[in-house]
Amino acid sequence: MDITHELNPEQLKAVTKIDGAVLIIAGAGSGKTRVITFRIANMLNSGIPQSQILALTFTNKAAREMETRIKEMTARKLQNLSISTFHAFGVKLLRKYIHLLGWRENFSIYDETDKGQLIKDCGRELKFSDDNLNIYELSALFSQIKGGVKDWDKTTISYKTIFDEYQNNLKLYNAVDFDDLILLPIKLFQTHPEVLNEIKQQYKYIMVDEFQDTSLQQYYFLKKIADKNICVVGDDDQSIYSWRGANYENIKMFETDFPNCIEIKLEQNYRSTETILAAANGVISHNKMRKEKSLWSSNGSGKPIEIYIPVDDKEEAHFIADKILVERQELNLKYSDFGILVRTNHLIRTLEEALLNANIPYHISGGSSFFDRKEIKDVISYLRIFANPDDDINLLRIINTPRRGIGKRSIEIISELANKEKCTLYFAIKKLILSSGELEAEKKYNELKLFFEFINEQRKIFLSGKGIAKKVRKLMDEIKYFDYLLQEYSKNEKVARVKFMNIERLIQSIDEWENNPDTLDANLFTYLNRITLLSRDDGEEPDKGEVQILTIHAAKGLEFPVVFIAGVEDHIIPHARSVEENGGNVEEERRLFYVALTRAQQKLFLTSCQHRRHLKDIIECSPSPFIQEIPSELVTYHEPVIQTSQEQIADMFAKIRQKFNT
DNA sequence: GTGTTTACTTTTTTT
DNA sequence: AAGTAAACAC
């Protein structure tokens, strides 16, 4: 591998400077992924053992991609190379050391749904009236408090009791939330310096991708484990996760905390035409808080950016589908060369319909995940309980699903007991059965007793030996889950069948995972830990000749020859809620728009509807103010396509005529 | 006490 | 459009 010919001078510097602190500011499309992979390959080639390298990313997708690229490049097995997300790395540490903090090894990880449920329960327990509680807000607040972004103030202090209860219950249930996956390792390092030392000894070279998206806590975490060789790569203009605690000021902190750090700027864009880049630069230059940089491209000016103003979202989707067919012919492209980007998930629906009607193959990433489906959640909840029966949130989920005659009253009884004894529901059930006389238990608590015994039996089965997939199939039989589905969806057999298939898919994916040689330690715990972090785009491979539909957030790091950005309207981007929350500050939304623009290589279409269906009514829309920030000479406008409207009218008449005829 | 129907809200982005 | 909670029915 001759790297000197494949890289520009700045890239080369970034790849070869492997000792010390390095800050790489990598503009959009400047070959960042290339640099990272070359850099790691370079480290390996210069004799640094895999086990000393730790590469941290934000998404599983990014981690996977990095790994395959390095594999291709070095043609080696990468068994000891640690490439993972921050959260997954946190889990890895906690699996090993959490007992030092008072949890047990079989801890559960609570996702957003579990977290919300627990907060709700805590609020109810403390007699907060439900309608005053906004679970989403509380959930966000708790994260901010835990992450040290916010402190209690006049408006929030009244919720502190819920927060304390929440924290206590997490520990009681032997569970942690996403925030804890970063926080607890930090705590561990503080209380057990010998562990920190061990980690520092092991990972002598650390790389962080998308550094602008690190939260304050993640930064502290890094600072703790980084010895002297740390390389962070980021772009402040692409910081789009501040709502999750991301803080691009970390870039500045890095410069102060590592005063000897070398800063490398990658400013040549290899991705986009000059037109697209000029548009993006024009937009982002309106942001005040940013590191000065000048991205340039030598790819030629290309075609102008086209802006369409369709009458409504239906026409918008129709237009995009049409355009894909035309452009594919004219430019001789594959379907996978097209990306449709949207600000919010629900905008996807109409687009999906249009592509479906036009027979265009597509792939959606984002939206509700496979693991968010009710039937899948049910199965996983069972597994979670077998792993950790003290997990009350998941116990409540399955205690009467499928129905086993344990209703409201029974649950009240065990909840009260659990409260009184300060124990978990599982323990309360046990106590109730044991303390009541044989006969009484037999009659009154028979269902509870059966349930309790069922859990213990299954625990034994699932915690011993191999073959989780098979066991799950058996479990489904035993609890008669399919009968339950049929009964539950008796009005719509199709739905039941789809859910049935989903479970089969889940079982197959478990099977594949278990039998994959790359899976080191296949057991129930490792499986559960893995899938809670997986969520969104699980193992689906895109790029099989399918148009990609994604949210802008999900599109980060990707590129497409032709990009459509749909719904470029005021209140969507910048999103009304975001603007409201940030006190009128639109800089993050502008960065988001910037990310969207810079995904395009050759051609860019923006669409902005005049009307849009929202819930049940139709609302008027106006174009996003960001459109005006694009230098006007780069843009061609298209008036609404009247023909389609007339077509629609003709269509309507045709339908009416048909009605009269029948 | 349990199961079913009805009324009602709701999520911007994701590890 | 779907998921939840409260009201209602058994």
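This is a predicted model: local features need pLDDT of at least 70, side-chain atom pairs count only at pLDDT 80 or more; totals for chains, interfaces and linings use all residues.
Residues are numbered from 1 along each chain as its sequence is written, and side-chain values use heavy atoms, with hydrogens and water left out. Local features need pLDDT of at least 70, and side-chain atom pairs count only at pLDDT 80 or more.

**Exercise 1.** Determine which helices are linked by the salt bridge between K146 and D180, and whether these residues are buried or exposed.

*Solution.* 
Step 1. A salt bridge requires a side-chain nitrogen of Lys or Arg within 4 Å of a carboxyl oxygen of Asp or Glu. For K146 and D180 the N to O distance is 3.0 Å.
Step 2. K146 belongs to helix α7 (residues 135-146) and D180 to helix α9 (residues 178-191), 34 residues apart; helices are DSSP runs of H or I with at least four residues.
Step 3. Buried means under 20% relative accessible area, exposed over 50%, and partly exposed in between (1.4 Å probe, protein chains only). K146 and D180 are both buried.

**Exercise 2.** Classify E375 and K499, which form a salt bridge, by their relative accessibility.

*Solution.* 
Step 1. The closest N and O atoms of E375 and K499 are 3.1 Å apart.
Step 2. E375 lies in helix α16 (residues 374-387) and K499 in helix α24 (residues 493-515).
Step 3. E375 has 2% relative accessibility and therefore counts as buried; K499, at 13%, also counts as buried.

**Exercise 3.** Explain why helix α13 (residues 274-284) is described as largely enclosed by the rest of the structure.

*Solution.* 
Step 1. The buried residues of α13 include T275, I276 and L277.
Step 2. Eight of the 11 residues of α13 are buried, so this helix is largely enclosed.

Methods. Chains are lettered from A and ligands numbered from 1 in the order in which they are written. Helices (H or I, at least four residues) and strands (E, at least two) are DSSP runs, numbered from the N terminus.
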